[in-house]
Amino acid sequence: MRTKLPESFSIDFDEYLGEYLERPEAVHALPSEEELIALAHKAIVREQLVLAPLPEATPAAAGDTAVLRVSGAAPRYNKERVTVTLGRGLYNRRLEEALTGCRRGDTLSVDIDGGPVTATILELRRRQAPEPTDEMVQALQASTADGRQLRTVREYEDYIRQEKTMSMLAEVNYYVTSMILEALPPMDCDEEDIRVLGELERDYFVKLFLETEHIDIREGIPEAWKQDGIRTLDDFIRARRDWYILKIKQCLIFLDILGLPCEGGTDPLDHYEVLQELQLKIFDLIRSRLERR
Amino acid sequence: MTLFVEEKDFDAVTREGFWIADFMTDHCGPCKLLDMVLSELIYDDPEINLAKCDIEKSPAYVERFGISGTPTLLFLLDGEVKGRLSGAQPREVLEEKISQSMYG
């Protein structure tokens, strides 16, 4: 590839990552194996959940569902019946905490926004969730991104582990790469590089649609692509110019971070999937940095 | 409760209680990410019901609810639409919308 990063520009990946991690919404750690398994099991049994009534003598615990009669000044807290999961904080955290430990029929008052709110527990129910089974997984009719049907609990756990982890790594990568792109001085991309990327994408889409949809998009493009005057595959490739420029910059940034040369299999002009392959290497780097922290 | 719902059954299914209608397609990546978040929510808040609405199997949804992309979520209380979100939003954003839609 002829395009190069400006010589004056250097990338300190750890500095950008550190800056990202200072944000309140930042992903600081990947989920543990236990959290991933729990997430998979919650997804598998979600159609089998039952809310069973609690006996009168059993006190409410966090996670129980309470049907309340509430009276207070604000409309939100003045209802004949309102259903609340205790301890989740979606209704009012203070009231939910006060109700935990109470029994059906109990009444209490708490101060909310400077006024009293009185709540009476009309009903209490507790979630009953079965153990996940392969049959439940099959009933979900879930499939992987490449269309493979998931048939066992183990396969579903692997799927969630992969999807959840990759989505979190992708989120970190997106923000860190955006910060680097923002810091990148204005630079020109070589016109021949842009043209070749367009040709690579043209070949990729033609092959993809022939194989998966049995459509030759050289004869006519999908309806969903027809917008802003785009009628042919040539139009579509021309309209993607900004994306090819971004792809060149992203590849050069990733190569710089990874210390790899832009040649052969790592040159964006070599094959269509270079950016994706480099991105996976960056994901590994992010994973190792997060684990080290 | 989680149900796959066709457009012709939508009103009857969502008439009572709190429902999140998830307008999705089978091959949409962000839909799968959002589905993971929704699974956790439904498990932790079992009084929330989830209607999975595949807009390819029931294209009538698109015009009826003005769905311009997937995933799109509608939040319904006793059949009335109280809120709407687009894209694979994080759990915190969904919970805020649920809190507003469910309790006013």
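**Close-up views of a predicted two-chain model**

Buried residues account for 41% of the 104 residues of chain B. The model shown in every view is predicted.

**Figure 1. Overall form of chain B.** Chain B contains 4 helices and 5 strands, arranged along the sequence as β-α-β-α-β-α-β-β-α. A compact globule of 104 residues would have a radius of gyration near 13 Å, and the 12 Å of chain B agrees with this. Taken along the principal axes, its C-alpha atoms fill a box of roughly 30 × 30 × 20 Å. Of the contacts in chain B between residues at least 6 apart in sequence, 69% join residues at least 24 apart.

**Figure 2. Overall form of chain A.** Chain A has 9 helices and 5 strands, and their order along the sequence is α-α-β-β-β-α-β-β-α-α-α-α-α-α. Its radius of gyration is 27 Å, whereas a compact globule of 293 residues would have a value near 19 Å. The C-alpha trace of chain A spans about 75 × 45 × 40 Å along its principal axes. Buried residues make up 22% of the 293 residues in this chain. Among contacts in chain A between residues at least 6 apart in sequence, 62% join residues at least 24 apart.

**Figure 3. The two assigned domains of chain A.** The domain assignment divides chain A into domain 1, given as 13-29 + 165-292, and domain 2, given as 50-128. The centres of domain 1 and domain 2 of chain A, taken over C-alpha atoms, are separated by 50 Å.

Figure 4. Arg289(A) belongs to helix α9 (residues 274-292) of chain A. This residue is classed as partly exposed because 15 other C-beta atoms lie within 10 Å, a count between the limits of 12 or fewer for exposed and 20 or more for buried. Leaving aside neighbours within four places in sequence, Arg289(A) is in contact with Asp14(A) and Leu17(A). Asp14(A) and Arg289(A) are 275 residues apart along the chain, yet their C-alpha atoms are separated by 8.3 Å.

**Figure 5. The surroundings of Arg125(A).** Arg125(A) is located in strand β5 (residues 115-128) of chain A. With 19 C-beta neighbours inside 10 Å, Arg125(A) counts as partly exposed, since a buried residue requires 20 or more. Apart from neighbours within four places in sequence, the contacts of Arg125(A) are Leu51(A), Ala52(A), Pro53(A), Leu54(A), Asp64(A) and Thr65(A).

**Figure 6. Helix α6 of chain A and the residue His214(A).** Helix α6 of chain A comprises 22 residues (residues 191-212). At 1.5 Å a residue, this helix should span 32 Å, and the 32 Å between its end C-alpha atoms agrees with that expectation. His214(A), which follows α6(A), has a positive phi near 55°.

**Figure 7. The side of chain B that touches chain A.** Contacts between the chains involve 19 residues of chain B and 22 residues of chain A. On chain B, α2 (29-44) and α4 (91-103) each supply at least two residues of the side that touches chain A. The most is given by α2(B), with 9 residues. By class, this side of chain B has 8 nonpolar, 5 polar and 6 charged residues.

Methods
Residues numbered from 1 in each chain as written. Chains lettered and ligands numbered in written order. Predicted model: local features only at pLDDT ≥ 70, side-chain atom pairs only at ≥ 80, totals over all residues. Contact = placed C-beta atoms within 7 Å. Domains from an automatic or database assignment. Expected span 1.5 Å × (residues − 1). Nonpolar A, V, L, I, M, F, W, Y, C, P; charged D, E, K, R; others polar. Rg over C-alpha atoms; globule rule 2.2 N^0.38 Å.
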